[in-house]
Every structure is written in C-alpha cells, then in structure tokens.
Amino acid sequence: MAEWFRRSAEKIITYDKREIAEGTWIKCPKCRAVLFHKQLEQNNHVCTSCSHHFRMKSKHYIQLLFGDSHIEEIGGNIKPLDPLEFNASKSYKEQIKTSEEKTGLTEAVKSIKGEINELPVVVCIMDFSYIGGSMGSVVGERISRAINLARKEKRSLIIITSSGGARMQEGALSLMQMAKTSAKLAQFANEGGLYITLLTDPTTGGTTASFAMLGDIILAEPNALIGFAGARVIKQTIGEDLPEGFQRSEFLLEKGFIDHIVHRKDLKQKLSFFITFFTDKN
Ligand SMILES: [Zn+2]
C-alpha cells in the first residue's frame, strides 16, 4: 500500500483482519454506530457513542454488582419440569433442553446471596435469553426462596427483571407464580425488609403485574420497554394512537410509575446509596 494512503490520525482505530470474525462487530440500533464487541462488553454493554443500553445477561450483572467477591447461588439445583406435557411447534421438554445448551443457564432467573459494597443483599437476576425470561414455576420458586432467605437473614432484596411475562407452556402453574411471589413479598414488607426492583428491557406481562412493580423503590434502565400488554393490543382495544415514548422508562418516570432511571455505570453505587439510606438505623 502506498505510504500516502495509510491512516495517520490517532483517532482512527484499525484492527487486524483476524479480529474481524463473525459477531465481533455490533451495530447500535439507536445511533447506528458500529461497535467492537469487546469494547461494548468492557463498557457494561452500553453504547460508547449514545449510551444505548443493550440487553445484558445475568452473568454480567453478577460481575457488575459483585465482581470477584464471594457469592452463593440460592435454589440453583431446582430445574424445570413439564407437568402439562406441552407440545406446540416444539415440545416444552425440547425447548428446555435447547435453552440450557444455548445459554448455559438452568432457568430464566438466578438468585444470589452476597455483599454489595459490604451491604448484605439477596439479588435475583432474570435473563431474557432463557425462553424470553418467562416466569415459570422454577422462576417463582427461586425468587420465593430468595425472599425467604432475605427475611431470615435480614438482607435487602433486589430483583432485576427482564421478562416477556408468564410461561405459556406451564399454563395456570405459571400464573400462580404471580400470587406466590406477591404473597412472599407482602410478608417481607410486613417485617420491614427493603425491596428494590430494577426494570430492564423488556419487562412485561405477568412479571410487571407482580413482583416487578412491588418494589419499595422502583428503578429502571434508560429506554427500557416496560408494560403489561403490548402497545399493539392496547392500540386496538382503545382505538387511539399512543403517545410518543409510550411504555418506555422515561415516559413511565414522568407518569410516576417508576422512581428513578439508573445508568448501568452508576448501578452499584446507587443501590448502595439506597440500601444505606433506608436501612441505616443511625
Ligand atoms: Zn449508540
């Protein structure tokens, strides 16, 4: 290559061809910037150009909140069954197997006991990559056990939601999880426990209609889709156009449904602040 054709400006980063493997580059859906995957991961899956928050897996939230400190998983041994022997385009059993292989997870939520900046907590983190973060019996049970432990050990409870709603493959058993988790949270609240939720993109259906909206403090990530029914269904039902930004964090903050929007880089510090503020007896 002729010398005059080479890039000399320091701002222009060039990568070795070997690095341009499939999946190495990601286009930001908001600002269209082309981002290097590793760079995005180092920036907590937030666009370095416009701060768009990409969906993040539960393991990355665990890393963000707990780093390399000691943690314990609660109810990790409970795995989904197929009580209805549900069959659609794919059998439920098959779907469970494929999701496990694809995500390395055994369900759509992980419950973790640990310390955030030395404050004792129990954190449940949902993962949309496992059957759309749907709320099946195991999700309900893992969350219920996390609440039980938080009650027993007087820990603050945090739930990070990301869910398409109830798990249709488990029918009524899935819907029962709404009542089960809500009842557990009521017990926790009666004893004065602090419960914080962080709603991430997307939080919808039965999850919104139960534990997601029961937090003492309801936080959300920027521009997250949060709602019960989908916008199209609502539009058809009421026969009217919906306002701009409908069902997004900023809109919901303005209408009073959520308390605060948190950028991912501030999450750990904000959680520590709220826990200290509301639990410090001095
Ligand atoms: Zn962007």
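The following questions and answers walk through a predicted model of one protein chain.

User: Which residue of S6 is the bridge partner of Cys 124?

Analyst: Strand S5 (residues 119-126) and strand S6 (residues 156-163) run parallel and are joined by five bridges. Along this pair, Val 121 stands opposite Ser 156 in S6. For Cys 124, the bridge partner in S6 is Ile 159.

User: How many bridges join S6 to S7, and which residue in S7 is the bridge partner of Ser 163?

Analyst: S6 and S7 run parallel, and the number of bridges that join them is six. In S7, the residue that partners Ser 163 is Thr 203.

User: How many of the nine residues of strand S7 are buried?

Analyst: A residue counts as buried when 20 or more other C-beta atoms lie within 10 Å of its own. Strand S7 (residues 195-203) is largely enclosed by the rest of the structure, because the number of its nine residues that are buried is eight.

User: Where is Pro 202, and what is the omega of the peptide bond from Asp 201 to Pro 202?

Analyst: Most residues other than glycine have a negative phi, and most peptide bonds are trans. Pro 202 has its place in strand S7. The peptide bond that leads from Asp 201 to Pro 202 is cis, and its omega is near -10°.

User: Are H4 and H5 roughly parallel or roughly antiparallel?

Analyst: The axes of H4 and helix H5 (residues 171-190) come within 9 Å and cross at roughly 10°. Angles under 35 degrees count as roughly parallel. H4 and H5 are therefore roughly parallel.

User: How many nonpolar, polar and charged residues make the contact of H4 with H5?

Analyst: On the H4 side the contact includes Ile 143, Ile 147 and Arg 151, and on the H5 side it includes Gln 177, Lys 184 and Phe 188. Sorted by class, the residues of this contact are seven nonpolar, seven polar and three charged.

User: How far apart in space are Leu 173 and Ser 137, C-alpha to C-alpha?

Analyst: Leu 173 is found in helix H5, and it is partly exposed, with 16 other C-beta atoms within 10 Å. Leaving aside residues up to four places away in sequence, Leu 173 touches Pro 83 and Ser 137. Although Leu 173 and Ser 137 are 36 residues apart in sequence, their C-alpha distance in space is 6.4 Å.

User: Is Ile 131 buried or exposed?

Analyst: Ile 131 lies in the loop between S5 and H4, and its phi is positive, about 40°, although it is not a glycine. Because 25 other C-beta atoms lie within 10 Å, Ile 131 is buried.

User: Is Lys 154 buried or exposed?

Analyst: Lys 154 has its place in the loop between H4 and S6, and it has a positive phi of about 50° although it is not a glycine. With 12 C-beta neighbours inside 10 Å, Lys 154 counts as exposed.

User: Which residue follows H7?

Analyst: Helix H7 (residues 231-238) is hardly covered, since the count of buried residues among its eight residues is zero. The residue that follows H7 has a positive phi, near 65°, and is Gly 239.

User: How far apart are the C-alpha centres of domain 1 and domain 2?

Analyst: The chain is divided into domain 1 (14-54) and domain 2 (55-279). Six residues of domain 1 are in contact with 11 residues of domain 2, and the side of domain 1 that touches domain 2 has two nonpolar, four polar and no charged residues. Between the C-alpha centres of domain 1 and domain 2, the distance is 26 Å.

Terms used
Residues are numbered from 1 along each chain as its sequence is written. This is a predicted model: local features need pLDDT of at least 70, side-chain atom pairs count only at pLDDT 80 or more; totals for chains, interfaces and linings use all residues. Two strands pair if DSSP finds at least two bridges between them. Helices (H or I, at least four residues) and strands (E, at least two) are DSSP runs, numbered from the N terminus. Axes are lines fitted to C-alpha atoms, for helices over the stretch in contact, and angles run from 0 to 180 degrees between N-to-C directions. Angles under 35 degrees count as roughly parallel, over 145 as roughly antiparallel, 65 to 115 as roughly perpendicular and the rest as oblique. Two residues are in contact if their C-beta atoms, placed from the backbone, lie within 7 Å. Ala, Val, Leu, Ile, Met, Phe, Trp, Tyr, Cys and Pro count as nonpolar, Asp, Glu, Lys and Arg as charged, and the others, Gly among them, as polar. Domain bounds come from an automatic or database domain assignment.
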